[in-house]
Amino acid sequence: MTKESDEFERRIERINRLLAQEDAIVTWNDSIPDPDNPDQLRQIDITIRKNEEITHVECRLHRKAQDVKWVEELIGRRLSLQAYRMIAVSSSGFTKGAQAKADKYGIELRELNSLTDDEIRNWCYESKLTIDFYQYKETKVSFLFTSANEGKFSIERITRFAQTSEQIKASLNFLFGKIKEELLKDDFKGENLELKRFVVFKEGSYKVDDVPIRVIIVTTKASFIRKEVNINSILTYIEPGTEKLSEKVTVETFPGGDFEVGRAIDECYVTFDFSLIDLPENSQLVATTYDLGIPMMLQMYYTRGMERLNNSNIDFTDAEFTTGSYSMLESALTRNKLG
(Lines give C-alpha, C1' and ligand atoms only; values in the text may rest on other atoms or scores of the structure.)
Protein backbone atom coordinates (compact mmCIF):
# COMPACT_ATOMS: atom_id res chain seq x y z
CA MET A 1 0.00 0.00 0.00
CA THR A 2 1.43 3.36 -1.04
CA LYS A 3 0.62 6.89 0.03
CA GLU A 4 -0.83 7.57 -3.43
CA SER A 5 -3.17 4.58 -3.28
CA ASP A 6 -4.21 5.54 0.27
CA GLU A 7 -5.05 9.05 -0.92
CA PHE A 8 -7.02 7.63 -3.84
CA GLU A 9 -9.04 5.41 -1.51
CA ARG A 10 -9.67 8.30 0.89
CA ARG A 11 -10.97 10.39 -1.99
CA ILE A 12 -13.36 7.59 -2.98
CA GLU A 13 -14.40 7.34 0.66
CA ARG A 14 -15.27 11.06 0.73
CA ILE A 15 -17.26 10.73 -2.49
CA ASN A 16 -19.25 7.82 -1.10
CA ARG A 17 -19.90 9.70 2.14
CA LEU A 18 -21.38 12.45 0.00
CA LEU A 19 -23.54 9.97 -1.90
CA ALA A 20 -24.56 7.87 1.10
CA GLN A 21 -27.90 8.22 2.80
CA GLU A 22 -28.02 9.80 6.24
CA ASP A 23 -28.25 6.51 8.15
CA ALA A 24 -25.39 4.85 6.23
CA ILE A 25 -21.93 4.42 7.76
CA VAL A 26 -18.94 4.74 5.42
CA THR A 27 -15.59 3.36 6.64
CA TRP A 28 -12.18 3.40 5.00
CA ASN A 29 -9.79 0.44 5.41
CA ASP A 30 -12.41 -1.64 7.18
CA SER A 31 -12.19 -5.25 8.37
CA ILE A 32 -14.93 -7.85 8.60
CA PRO A 33 -14.91 -11.46 9.87
CA ASP A 34 -14.75 -14.09 7.15
CA PRO A 35 -18.22 -15.77 7.14
CA ASP A 36 -16.54 -19.21 6.82
CA ASN A 37 -13.82 -18.49 9.40
CA PRO A 38 -14.97 -15.80 11.86
CA ASP A 39 -11.56 -15.62 13.56
CA GLN A 40 -10.03 -14.44 10.28
CA LEU A 41 -10.50 -10.73 9.50
CA ARG A 42 -10.75 -9.67 5.86
CA GLN A 43 -9.66 -6.18 4.78
CA ILE A 44 -12.05 -4.07 2.68
CA ASP A 45 -10.95 -0.80 1.07
CA ILE A 46 -14.25 0.92 1.91
CA THR A 47 -17.49 -0.38 3.42
CA ILE A 48 -20.92 1.23 3.33
CA ARG A 49 -23.15 -0.13 6.08
CA LYS A 50 -26.89 0.42 6.10
CA ASN A 51 -29.12 -1.61 8.38
CA GLU A 52 -27.69 -5.16 8.11
CA GLU A 53 -26.42 -4.72 4.56
CA ILE A 54 -22.75 -4.09 3.75
CA THR A 55 -21.57 -2.73 0.42
CA HIS A 56 -17.92 -3.33 -0.42
CA VAL A 57 -15.96 -0.76 -2.43
CA GLU A 58 -12.63 -1.91 -3.85
CA CYS A 59 -10.23 0.56 -5.49
CA ARG A 60 -7.43 0.29 -8.04
CA LEU A 61 -4.95 3.08 -8.77
CA HIS A 62 -3.28 1.79 -11.94
CA ARG A 63 -2.12 3.25 -15.25
CA LYS A 64 -3.84 0.62 -17.40
CA ALA A 65 -7.54 -0.08 -17.72
CA GLN A 66 -8.63 -2.91 -15.44
CA ASP A 67 -9.45 -6.13 -17.24
CA VAL A 68 -11.78 -9.06 -16.70
CA LYS A 69 -9.38 -10.75 -14.27
CA TRP A 70 -9.97 -8.19 -11.49
CA VAL A 71 -13.73 -8.29 -12.07
CA GLU A 72 -13.69 -12.10 -11.75
CA GLU A 73 -11.77 -11.77 -8.48
CA LEU A 74 -14.45 -9.40 -7.17
CA ILE A 75 -17.25 -11.75 -8.26
CA GLY A 76 -15.71 -14.45 -6.10
CA ARG A 77 -14.97 -12.02 -3.28
CA ARG A 78 -18.55 -10.79 -3.21
CA LEU A 79 -19.85 -14.36 -3.01
CA SER A 80 -17.30 -15.47 -0.41
CA LEU A 81 -17.76 -12.46 1.91
CA GLN A 82 -21.52 -12.26 1.35
CA ALA A 83 -21.44 -8.58 0.32
CA TYR A 84 -24.78 -6.91 -0.42
CA ARG A 85 -23.19 -4.92 -3.26
CA MET A 86 -19.72 -4.83 -4.75
CA ILE A 87 -18.42 -1.61 -6.33
CA ALA A 88 -15.13 -1.58 -8.24
CA VAL A 89 -13.45 1.82 -8.68
CA SER A 90 -10.62 2.28 -11.18
CA SER A 91 -8.49 5.37 -11.76
CA SER A 92 -7.83 4.19 -15.33
CA GLY A 93 -11.16 2.76 -16.49
CA PHE A 94 -12.13 -0.77 -17.53
CA THR A 95 -11.77 -2.86 -20.64
CA LYS A 96 -14.88 -3.82 -22.67
CA GLY A 97 -14.54 -7.40 -21.46
CA ALA A 98 -14.43 -6.28 -17.84
CA GLN A 99 -17.54 -4.15 -18.33
CA ALA A 100 -19.46 -7.04 -19.92
CA LYS A 101 -18.48 -9.47 -17.15
CA ALA A 102 -19.37 -6.98 -14.43
CA ASP A 103 -22.76 -6.27 -16.00
CA LYS A 104 -23.63 -9.97 -16.14
CA TYR A 105 -22.64 -10.73 -12.54
CA GLY A 106 -23.81 -7.56 -10.80
CA ILE A 107 -20.47 -5.88 -10.09
CA GLU A 108 -20.96 -2.09 -10.19
CA LEU A 109 -18.17 -0.20 -11.94
CA ARG A 110 -17.03 3.37 -11.31
CA GLU A 111 -14.30 5.47 -12.89
CA LEU A 112 -12.63 8.63 -11.66
CA ASN A 113 -11.83 10.51 -14.84
CA SER A 114 -10.31 13.93 -15.53
CA LEU A 115 -12.18 16.41 -17.67
CA THR A 116 -10.38 17.71 -20.73
CA ASP A 117 -9.17 21.31 -20.92
CA ASP A 118 -12.13 22.15 -23.16
CA GLU A 119 -14.58 20.63 -20.69
CA ILE A 120 -12.99 22.54 -17.82
CA ARG A 121 -13.33 25.81 -19.76
CA ASN A 122 -17.06 25.06 -20.14
CA TRP A 123 -17.40 24.21 -16.47
CA CYS A 124 -19.47 27.07 -15.03
CA TYR A 125 -19.23 26.17 -11.33
CA GLU A 126 -15.49 26.23 -10.84
CA SER A 127 -14.47 26.90 -7.24
CA LYS A 128 -12.10 29.74 -6.44
CA LEU A 129 -9.51 29.51 -3.69
CA THR A 130 -7.58 32.38 -2.12
CA ILE A 131 -4.84 32.23 0.52
CA ASP A 132 -4.03 35.24 2.71
CA PHE A 133 -0.72 35.64 4.52
CA TYR A 134 1.51 38.24 6.13
CA GLN A 135 5.00 38.57 4.73
CA TYR A 136 7.90 40.31 6.48
CA LYS A 137 11.00 42.07 5.20
CA GLU A 138 13.88 44.20 6.50
CA THR A 139 13.82 42.23 9.73
CA LYS A 140 16.28 43.29 12.41
CA VAL A 141 16.99 41.32 15.57
CA SER A 142 18.80 42.92 18.53
CA PHE A 143 20.24 41.00 21.47
CA LEU A 144 20.69 43.06 24.63
CA PHE A 145 23.06 42.09 27.44
CA THR A 146 23.86 43.68 30.78
CA SER A 147 26.25 46.59 30.53
CA ALA A 148 29.08 44.45 31.87
CA ASN A 149 28.67 41.90 29.08
CA GLU A 150 27.94 44.23 26.19
CA GLY A 151 30.44 43.91 23.36
CA LYS A 152 31.77 40.47 24.33
CA PHE A 153 30.58 38.90 21.10
CA SER A 154 31.02 39.76 17.47
CA ILE A 155 28.02 40.15 15.21
CA GLU A 156 29.17 37.03 13.34
CA ARG A 157 29.16 34.99 16.57
CA ILE A 158 25.70 36.26 17.56
CA THR A 159 24.35 35.59 14.05
CA ARG A 160 25.58 32.00 14.06
CA PHE A 161 24.17 31.45 17.52
CA ALA A 162 20.75 32.91 16.62
CA GLN A 163 20.47 30.76 13.51
CA THR A 164 21.33 27.51 15.31
CA SER A 165 19.75 27.91 18.76
CA GLU A 166 16.33 26.26 18.96
CA GLN A 167 15.50 28.37 22.04
CA ILE A 168 16.20 31.59 20.19
CA LYS A 169 14.21 30.43 17.16
CA ALA A 170 11.29 29.61 19.48
CA SER A 171 11.49 33.09 21.05
CA LEU A 172 11.58 34.78 17.65
CA ASN A 173 8.59 32.74 16.47
CA PHE A 174 6.81 33.73 19.67
CA LEU A 175 7.40 37.40 18.85
CA PHE A 176 6.13 36.97 15.31
CA GLY A 177 3.09 35.20 16.72
CA LYS A 178 2.36 38.29 18.79
CA ILE A 179 2.85 40.46 15.71
CA LYS A 180 0.35 38.32 13.80
CA GLU A 181 -2.18 38.61 16.63
CA GLU A 182 -1.97 42.41 16.50
CA LEU A 183 -2.28 42.52 12.70
CA LEU A 184 -5.34 40.25 12.82
CA LYS A 185 -6.90 42.34 15.58
CA ASP A 186 -6.49 45.47 13.48
CA ASP A 187 -7.65 43.66 10.30
CA PHE A 188 -4.46 44.86 8.63
CA LYS A 189 -4.56 44.76 4.81
CA GLY A 190 -1.79 47.21 3.94
CA GLU A 191 1.91 47.19 3.06
CA ASN A 192 5.21 47.88 4.79
CA LEU A 193 3.82 48.50 8.28
CA GLU A 194 6.80 48.83 10.65
CA LEU A 195 6.45 46.89 13.88
CA LYS A 196 8.64 46.36 16.91
CA ARG A 197 8.27 43.72 19.61
CA PHE A 198 10.55 42.46 22.38
CA VAL A 199 10.79 39.70 24.94
CA VAL A 200 12.55 39.99 28.29
CA PHE A 201 14.16 36.89 29.77
CA LYS A 202 14.68 36.00 33.38
CA GLU A 203 18.29 36.58 34.22
CA GLY A 204 20.39 33.58 33.28
CA SER A 205 17.67 31.73 31.34
CA TYR A 206 19.16 32.19 27.84
CA LYS A 207 22.91 32.35 27.37
CA VAL A 208 25.59 32.72 24.73
CA ASP A 209 28.72 30.94 25.98
CA ASP A 210 27.40 31.31 29.55
CA VAL A 211 26.68 35.02 29.08
CA PRO A 212 22.95 35.71 29.68
CA ILE A 213 20.79 37.47 27.12
CA ARG A 214 18.32 39.82 28.80
CA VAL A 215 16.21 41.11 25.87
CA ILE A 216 15.52 40.26 22.22
CA ILE A 217 14.00 43.01 20.08
CA VAL A 218 12.50 42.37 16.63
CA THR A 219 11.83 45.15 14.16
CA THR A 220 10.21 44.29 10.82
CA LYS A 221 7.93 45.52 8.04
CA ALA A 222 4.72 43.59 7.42
CA SER A 223 2.64 43.38 4.24
CA PHE A 224 -0.68 41.66 3.62
CA ILE A 225 -0.71 39.46 0.50
CA ARG A 226 -3.60 37.58 -1.11
CA LYS A 227 -2.72 34.69 -3.41
CA GLU A 228 -5.22 33.19 -5.86
CA VAL A 229 -4.81 29.47 -6.54
CA ASN A 230 -5.94 28.15 -9.90
CA ILE A 231 -7.77 24.85 -10.21
CA ASN A 232 -5.60 21.86 -11.08
CA SER A 233 -8.17 19.39 -12.42
CA ILE A 234 -11.83 18.40 -12.37
CA LEU A 235 -12.60 14.71 -11.93
CA THR A 236 -15.86 12.86 -12.44
CA TYR A 237 -17.02 9.80 -10.53
CA ILE A 238 -19.05 7.93 -13.11
CA GLU A 239 -20.17 4.63 -14.52
CA PRO A 240 -18.17 3.62 -17.63
CA GLY A 241 -19.65 4.85 -20.88
CA THR A 242 -21.76 7.66 -19.43
CA GLU A 243 -21.54 11.36 -20.33
CA LYS A 244 -19.09 13.03 -17.97
CA LEU A 245 -20.73 16.42 -17.53
CA SER A 246 -24.18 14.99 -16.84
CA GLU A 247 -23.10 12.82 -13.94
CA LYS A 248 -23.84 13.18 -10.27
CA VAL A 249 -20.41 13.68 -8.68
CA THR A 250 -17.49 15.92 -9.60
CA VAL A 251 -14.27 16.53 -7.69
CA GLU A 252 -12.19 19.69 -8.10
CA THR A 253 -8.55 19.51 -7.06
CA PHE A 254 -5.94 22.21 -6.61
CA PRO A 255 -2.13 22.02 -6.89
CA GLY A 256 -0.43 19.98 -4.18
CA GLY A 257 -3.58 18.08 -3.32
CA ASP A 258 -4.23 20.38 -0.38
CA PHE A 259 -7.71 21.56 -1.43
CA GLU A 260 -10.53 19.52 -2.89
CA VAL A 261 -14.24 20.11 -3.50
CA GLY A 262 -16.63 17.25 -4.17
CA ARG A 263 -20.09 18.10 -5.54
CA ALA A 264 -23.24 16.00 -5.78
CA ILE A 265 -26.23 17.99 -7.09
CA ASP A 266 -26.64 20.73 -4.43
CA GLU A 267 -24.43 19.16 -1.73
CA CYS A 268 -20.67 19.18 -1.37
CA TYR A 269 -17.70 18.36 0.80
CA VAL A 270 -14.46 20.30 1.19
CA THR A 271 -11.10 18.92 2.28
CA PHE A 272 -8.13 21.11 3.12
CA ASP A 273 -4.60 20.16 4.16
CA PHE A 274 -3.02 23.29 5.60
CA SER A 275 0.36 21.59 5.95
CA LEU A 276 0.71 21.43 2.15
CA ILE A 277 0.16 25.13 1.48
CA ASP A 278 3.20 26.55 -0.28
CA LEU A 279 3.96 29.74 1.63
CA PRO A 280 6.69 32.16 0.58
CA GLU A 281 9.67 32.71 2.87
CA ASN A 282 9.25 34.93 5.91
CA SER A 283 5.49 34.67 6.03
CA GLN A 284 2.60 33.51 8.20
CA LEU A 285 -0.65 31.94 7.03
CA VAL A 286 -3.63 34.16 7.86
CA ALA A 287 -6.70 32.60 6.25
CA THR A 288 -8.03 30.56 3.35
CA THR A 289 -11.30 31.34 1.61
CA TYR A 290 -13.17 29.54 -1.13
CA ASP A 291 -16.09 30.41 -3.37
CA LEU A 292 -18.01 27.44 -4.79
CA GLY A 293 -19.62 29.53 -7.50
CA ILE A 294 -23.22 28.60 -6.60
CA PRO A 295 -25.06 28.06 -3.29
CA MET A 296 -24.46 24.54 -1.98
CA MET A 297 -25.05 22.67 1.25
CA LEU A 298 -21.75 21.81 2.91
CA GLN A 299 -22.16 18.26 4.18
CA MET A 300 -18.59 17.58 5.32
CA TYR A 301 -15.44 19.61 5.95
CA TYR A 302 -12.17 17.72 6.40
CA THR A 303 -9.01 19.43 7.61
CA ARG A 304 -5.44 18.38 8.23
CA GLY A 305 -2.35 20.26 9.35
CA MET A 306 -4.22 22.85 11.44
CA GLU A 307 -1.04 23.48 13.44
CA ARG A 308 0.27 25.33 10.38
CA LEU A 309 -2.08 28.18 11.26
CA ASN A 310 -0.13 28.77 14.45
CA ASN A 311 3.36 28.33 13.02
CA SER A 312 5.52 30.83 11.18
CA ASN A 313 7.53 30.25 8.04
CA ILE A 314 10.12 32.79 9.11
CA ASP A 315 13.68 32.30 7.89
CA PHE A 316 16.09 34.41 9.96
CA THR A 317 19.11 33.78 7.75
CA ASP A 318 18.47 37.11 6.00
CA ALA A 319 17.81 39.07 9.17
CA GLU A 320 20.16 41.80 10.38
CA PHE A 321 21.53 41.07 13.85
CA THR A 322 22.82 43.66 16.34
CA THR A 323 23.80 43.75 20.01
CA GLY A 324 23.37 46.33 22.71
CA SER A 325 23.00 47.04 26.41
CA TYR A 326 19.93 46.12 28.43
CA SER A 327 20.38 49.25 30.54
CA MET A 328 19.07 51.53 27.79
CA LEU A 329 15.71 49.78 27.99
CA GLU A 330 15.63 49.08 31.71
CA SER A 331 14.09 52.39 32.79
CA ALA A 332 11.49 52.31 30.03
CA LEU A 333 10.51 48.76 30.92
CA THR A 334 10.19 49.68 34.59
CA ARG A 335 8.00 52.69 33.83
CA ASN A 336 5.69 50.60 31.67
CA LYS A 337 5.75 47.63 34.06
CA LEU A 338 6.88 45.27 31.32
CA GLY A 339 9.26 42.37 31.67
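**Entry 1**

I began with strand β13 (residues 259-264), which pairs with β14 in the antiparallel sense over six bridges. I call two strands paired if DSSP finds at least two bridges between them. This is a predicted model, so I kept local features to pLDDT of at least 70 and side-chain atom pairs to pLDDT 80 or more, while totals for chains, interfaces and linings use all residues. Residues are numbered from 1 along each chain as its sequence is written, and side-chain values use heavy atoms, with hydrogens and water left out.

Back to the hairpin: two residues lie between β13 and β14, and Ile265 in the turn has a positive phi of about 55°. I looked up Arg263 and found its bridge partner in β14 to be Cys268.

How many of the residues of strand β14 (residues 267-273) are buried? I counted six of seven, so I noted the strand as mostly covered, where buried means under 20% relative accessible area, exposed over 50% and partly exposed in between (1.4 Å probe, protein chains only). On to β16, which runs parallel to β14 and is joined to it by seven bridges. There, Glu267 has Met297 of β16 as its bridge partner.

**Entry 1: the whole sheet**

Next I traced the open sheet of ten strands, with mixed pairing, in the order β1-β2-β3-β4-β5-β11-β12-β13-β14-β16. The edge strands, each pairing on one side only, are β1 (25-34) and β16 (297-304). From one strand to the next, the twist averages 25°; the axes behind such angles are lines fitted to C-alpha atoms (for helices over the stretch in contact), and the angles run from 0 to 180 degrees between N-to-C directions.

In which sense do strand β2 (residues 37-50) and β3 pair? I found the antiparallel sense, over five bridges. Arg49 has its bridge partner in β3 at Ile54. This is also a hairpin with two residues between the strands, and Asn51 in the turn has a positive phi of about 55°.

On to the next pair: strand β3 (residues 53-60) and strand β4 (residues 85-90) pair in the parallel sense over six bridges. I noted two of the partners in β4: Val89 for Cys59, and Ser90 for Arg60.

**Entry 2: positive phi elsewhere**

Glu138 has a positive phi near 50°, and its place is in strand β6. Asp187 has a positive phi near 50° as well; I found it in the loop between α6 and β7.

**Entry 3: the cores**

I then turned to nonpolar cores, meaning sets of buried Ala, Val, Leu, Ile, Met, Phe, Trp, Tyr and Cys residues joined through side-chain atoms within 4.5 Å. The largest has 32 residues, and those with the most contacts inside it are Tyr136, Val141, Phe143, Ile168, Leu183, Ile213 and Ile216. Two or more residues come from each of β6, α5 (155-164), α6 (166-185), β7 (193-200) and β10 (215-229). The largest share, six residues, is that of α6.

Leaving aside neighbours within four places in sequence, Ile168 is in contact with Phe143, Phe161, Ala162, Tyr206, Ile213 and Ile216. Apart from this core lies another, of 21 residues, with Ile131, Phe254, Phe272 and Leu285 among them.

Is Ser142 buried or exposed? I have it as buried, because its relative accessible area is 18%. Ser142 sits in strand β6 (residues 128-145). Its side chain makes a polar contact of 2.6 Å with that of Thr322; the term covers a pair of N or O atoms within 3.5 Å, where within protein one must be able to donate a hydrogen and the other to accept it, and residues adjacent in sequence count only if both atoms are side-chain atoms. Beyond neighbours within four places in sequence, Ser142 is in contact with Val215, Ile216, Ile217 and Thr322.

Last, I visited Ile294, in the loop between β15 (283-291) and β16. Ile294 is partly exposed, because its relative accessible area is 30%. Not counting residues up to four places away in sequence, Ile294 touches Tyr125 and Arg263.

Key: Helices (H or I, at least four residues) and strands (E, at least two) are DSSP runs, numbered from the N terminus. Contact means heavy atoms within 4.5 Å.
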